[in-house]
Amino acid sequence: MKISLYATLAALALATPALAEGDVAAGEKEFTKCKTCHSITAPDGTDIVKGGKIGPNLYGVIGRQAGTYPDFKYKDSIVALGESGFVWTEEEIATYMTDPTKFLKEKLDDKKAKSGMTHKQSKKQEDIVAYLASVVAE
């Protein structure tokens, strides 16, 4: 019985999504650069971060199928990634931010894949992802 209880608790711990290991406060500060293109708006319309509309709303992006935010016109490569069943995880978002075009080329095995993101995030990706995770965990 003890082993069964421990196994159940271990399975639950593994099934529970963990917040990113970055620094939430540093990520919030770093996100000020991202808000030029992205907003973080809750489903009820509350602006957590009022930002641009060039990129999709990033509220709940972790766990969302790529290229599926309603009423946003994605590039074909992101849509294709989503149609493959790809769902954003904290790790995948951090990797994507590092080099979006390279990420898509590798994931889609398509040398012509392109990202709509106009820059690369060379540092603090984990902090930004921790911040994104924190705004929906509140």
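Because the model is predicted, local features need pLDDT of at least 70 and side-chain atom pairs count only at pLDDT 80 or more, while totals for chains, interfaces and linings use all residues. Residues are numbered from 1 along each chain as its sequence is written, and side-chain values use heavy atoms, with hydrogens and water left out.

The chain holds six helices and two strands, where helices (H or I, at least four residues) and strands (E, at least two) are DSSP runs numbered from the N terminus. Read from the N terminus, the order of these elements is α-α-β-β-α-α-α-α. Of the 138 residues in the chain, 37% are buried; here buried means under 20% relative accessible area, exposed means over 50%, and partly exposed lies in between (1.4 Å probe, protein chains only). The chain exposes about 9,000 Å², of which carbon and sulfur atoms supply 56%, with areas taken from the Shrake-Rupley method with a 1.4 Å probe, and for residues only the protein chains shown count as cover. If contact is taken as heavy atoms within 4.5 Å, then 42% of the contacts between residues at least 6 apart in sequence join residues at least 24 apart.

Helix α3 (76–83) has Ser77, Ile78, Leu81 and Gly82 as buried residues. These cover an arc of only 140 degrees around the axis, which puts them on the same side of α3; the arc is that of the directions from the helix axis to the C-beta atoms. The buried residues of α3 pack against α4 and α5, whereas the face turned away from that buried side carries the exposed residues Asp76 and Glu83. Just after α3, Gly85 takes a positive phi of about 95 degrees.

Helix α5 (residues 100–108) has Pro100, Phe103 and Leu104 as its buried residues. They cover an arc of only 95 degrees around the axis, and therefore lie on the same side of α5. The cover over them includes α3 and α4 (90–98). Just after α5, Asp109 takes a positive phi of about 50 degrees.

Two loop residues can be followed in the same way. Gly67, in the loop between β2 and α3, is partly exposed at 21% relative accessibility. Apart from neighbours within four places in sequence, Gly67 is in contact with Tyr74, Ile78 and Val79, and its C-alpha lies 8.2 Å from that of Glu83, which is 16 residues away in sequence. Asp44 sits in the loop between β1 (40–41) and β2 (47–49) and is exposed, with a relative accessible area of 64%. The side chain of Asp44 makes a polar contact with the side chain of Thr46 at 2.7 Å, a polar contact being a pair of N or O atoms within 3.5 Å; within protein, one must be able to donate a hydrogen and the other to accept it, and residues adjacent in sequence count only if both atoms are side-chain atoms.

Among the 30 residues that line the largest pocket, the closest to its centre are His38, Gly55, Pro56, Tyr96 and Met117. The elements giving two or more residues to this lining are α2 (24–34), α4 and α6 (125–137). On a 1 Å grid over the protein atoms alone, a pocket is an open set of points where a 1.4 Å probe fits, with protein on both sides within 12 Å along at least five of seven lines, and lining residues have an atom within 4 Å of a point.
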